Amino acid sequence: MLHREGYRVEAAADGAQALARLKDQAYDLIISDIKMPRVGGFELLRHVRETSPDTVMIMITAFSSTEEAVEAMKQGAYDYITKPFKNEEIRIIVRNALERRTLRQESRRHQAEGARRQSLGGLIGQSRCMQELYDLIEKVAATRANVLITGESGTGKEVVAKAIHYNSDRRDMPFIPINCGAIPENLLESELFGHEKGSFTGAISQKQGLFEVANLGTLFLDEIGELPPMMQVKLLRVIQEREFRRVGGTKNIRCDVRVIAATNKDLEVEVKSGAFREDLFYRLNVIRIELPPLRERREDIPLLVEHLYQKLTGREGFQIEEAAMRRLLEYRWPGNIRELENVIERCVVLGAADRLTAQALPLPLQAAQAGGGETLGTGLEIPDSGFDLDAYLGAIEQEILQKALEKTGGVRKKAAELLGISFRSIRYRLAKFGISPDDEE
């Protein structure tokens, strides 16, 4: 009967023969009588519990001896079958026992993976590309080499930088992040290298720069592609010479800082165009880590949703309707993990605190289609609860802009022509959504 169900089955005449077989072979499940000559069922059960804890035991007993079966369960058996029995009863018990074994193994694997993710700075994912990323981070962390992290906006470049730092021998020293595109050019030098009192108007006291603060630790330079040309020269000197001067200072200050840089631009293209120094690029690009966009690792979305829900609510047990998960898996995610976090936070705030339904998702996700998300939401029904029209239209406009830039290699002028709008208009729209194109014209 079990052979017909598709299982591979081996038989042992009694407990002693079973013990002999167990020395050479591991089994997923053992069905054993309790009363047997030489070696009884309880002795076999104890041996299995000690030597092969993943093996599931089901005991068989006569109807009048159920007390013994209950005792066997107390000692670790999964279930018991009373004689005479029905085949269907055995089918169900065996299927459930093996499913439980699989779930237990999966749970242990997830716990181990969770511990590994925690040690890697909270990175979430079990896809092949994420497993390769974990391995690369562990290898890179053990070195002193500078690292360049590339990837689309929202893919988690700073999380990876932190994982490298906190798994390195610099973990007890500072990790200092700075966004090179968020600080005005006239203040950036002072931020990085500090200044002396009176070196410029407003410099009322001496100030340490981030290189000085990060000494013996890690300095994370986010959006390195936005670094102005003059600062590129100064950064190159610090990396080469491992020393710098404060603004207005005359003394060289030594520093031991690991530099991790990140960008969503193609720096090799920037080098060819003259926008980024080639020598600085090679100093930063000692080890390259390319982060995949979320659409290329969709199998990680369920884990990410669970993690984000727990992060936002501090609770477990979040249920996701199948239709909602399908929409999450089919959506293109131009904003990557950052956009996914915004969606989950929106759903939690609007009341989907215990169960996420498709109706609770923003309308652009309700219109999602696998393979690129070409549908722009036509034919949708307005939910009874209403929706935010400006946010919906904004999401559609943002996706169209992203598609136009991808089609034109990031050149704004060509993207504007493709969309039938002026260059001034596309520049305004890109700035509105915080989209950084590849070109500067």
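**Exercise 1.** State where Glu223 lies, and decide whether Glu223 is buried or exposed.

*Solution.* Glu223 sits in the loop that runs between strand S8 (218–222) and helix H9 (229–241), where helices (H or I, at least four residues) and strands (E, at least two) are DSSP runs, numbered from the N terminus. The model is a predicted one, in which local features need pLDDT of at least 70 and side-chain atom pairs count only at pLDDT 80 or more, while totals for chains, interfaces and linings use all residues. Residues are numbered from 1 along each chain as its sequence is written, and side-chain values use heavy atoms, with hydrogens and water left out. The next step is the accessibility: because its relative accessibility is 16%, Glu223 counts as buried (under 20% relative accessible area, with exposed over 50% and partly exposed in between, for a 1.4 Å probe and protein chains only). Finally, the phi of Glu223 is near 50°, a positive value in a residue other than glycine.

**Exercise 2.** Describe the backbone and the accessibility of Arg242.

*Solution.* Arg242 belongs to the loop between H9 and strand S9 (243–244). Its phi is near 55°, which is positive although the residue is not glycine. Most residues other than glycine have a negative phi. With a relative accessible area of 34%, Arg242 is partly exposed.

**Exercise 3.** Find which residues a cis peptide bond joins, and the place of Pro84.

*Solution.* The cis bond joins Lys83 and Pro84, with an omega of about -5°. Pro84 is placed in the loop between strand S3 (79–83) and helix H4 (87–119).
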